[in-house]
Amino acid sequence: GTFNNQAGTIQVDSGTISLSDGGTSSSGTFIAALGATLDLTGGSSPRWSGQMTGSGLGRVLFGSGYIYPNPALTLGFTNDLFQWSGGFFEGGTVTNTGVVTINGYPASMNGNTFINQDLVQVTDTNGLALNSGGDNNNLFDNLAGAIFRFNGDGSVFGASCCGAQVFDNEG
C-alpha cells in the first residue's frame, strides 16, 4: 500500500513506526514520545507538501530514501525532534522554521533549495552534502537571524559533479 496523509496527526508512544511505502502527502503533525521514533521514509521516496510540524521528546527520522518537496515543504519542529541523518531532499524547496538536527550519515540535498529561518545544527563528524549528481544545482540559504551551528566536527561539502553548489550565510 501507499501512505497518504492529508493534514493528519501521527503519534508514536513507543517503538518505531516506518512510513515506508512512498505516497503523496500534504502537511501533518508528528508526535513522538521519549524513546519513540517515526521513520518518515523507511527508505522509500514520498512526495510531501505543506507544513510538517511536531513535538515530543522522541524523534522524527529522515535517515534514508528521498523526500520530494512537491513543490515546497515547510519543517516546523521543536527541540531535537527532526533528525536528518542520511536521506536526500530531492528537487523543490524546503523551508525550516524550527529545529533540524543533522547527525549520523551525511544529510544530502540534490537539485534542491533549503531555506533556514531558525536553527540547523550538525551534531557529529558528518554534515551536509550538496550533491550535484546529474548537474543539479543546490542552494542552502541561511537567512539573517538564522543559525547553522556545528556541535561537532562536521562540514558542508560538495558531492558528485558539475552542478552549482551554494551555501549562502546571512545568519
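Colleague: What makes you say that strand 11 and strand 14 pair, and in which sense do they run?

Modeller: This is a predicted model, and in it strand 11 (residues 99–102) is joined to strand 14 by four bridges. Pairing needs at least two bridges, so these strands count as paired. They run parallel.

Colleague: And what about strand 14 and strand 17?

Modeller: Four bridges again, in the parallel sense, with strand 17 covering residues 147–150.

Colleague: Why is Thr101 called buried?

Modeller: Its relative accessible area is 2%. The cut-off is under 20%, so Thr101 is buried.

Colleague: What makes the link between the side chains of Thr101 and Gln121 a polar contact?

Modeller: The two side chains are joined at 3.1 Å. The limit is 3.5 Å, so that distance qualifies. The side chain of Thr101 also has a polar contact of 3.1 Å with that of Asp80. Beyond its neighbours within four places in sequence, Thr101 is in contact with residues including Phe82, Trp84 and Thr123.

Colleague: Which residues have the most contacts inside the largest nonpolar core?

Modeller: Leu40, Phe82, Trp84 and Phe89, in a core of 32 residues. Strand 7 (residues 66–77) gives the most to this core, with four residues.

Methods
Residues numbered from 1 in each chain as written. Predicted model: local features only at pLDDT ≥ 70, side-chain atom pairs only at ≥ 80, totals over all residues. Heavy atoms only, no water. Core = buried A, V, L, I, M, F, W, Y, C linked by side-chain atoms within 4.5 Å. Buried < 20%, exposed > 50% of the residue type's maximum accessible area, 1.4 Å probe, protein only. Polar contact = N/O pair within 3.5 Å; in protein donor to acceptor, adjacent residues only side chain to side chain. Contact = heavy atoms within 4.5 Å.
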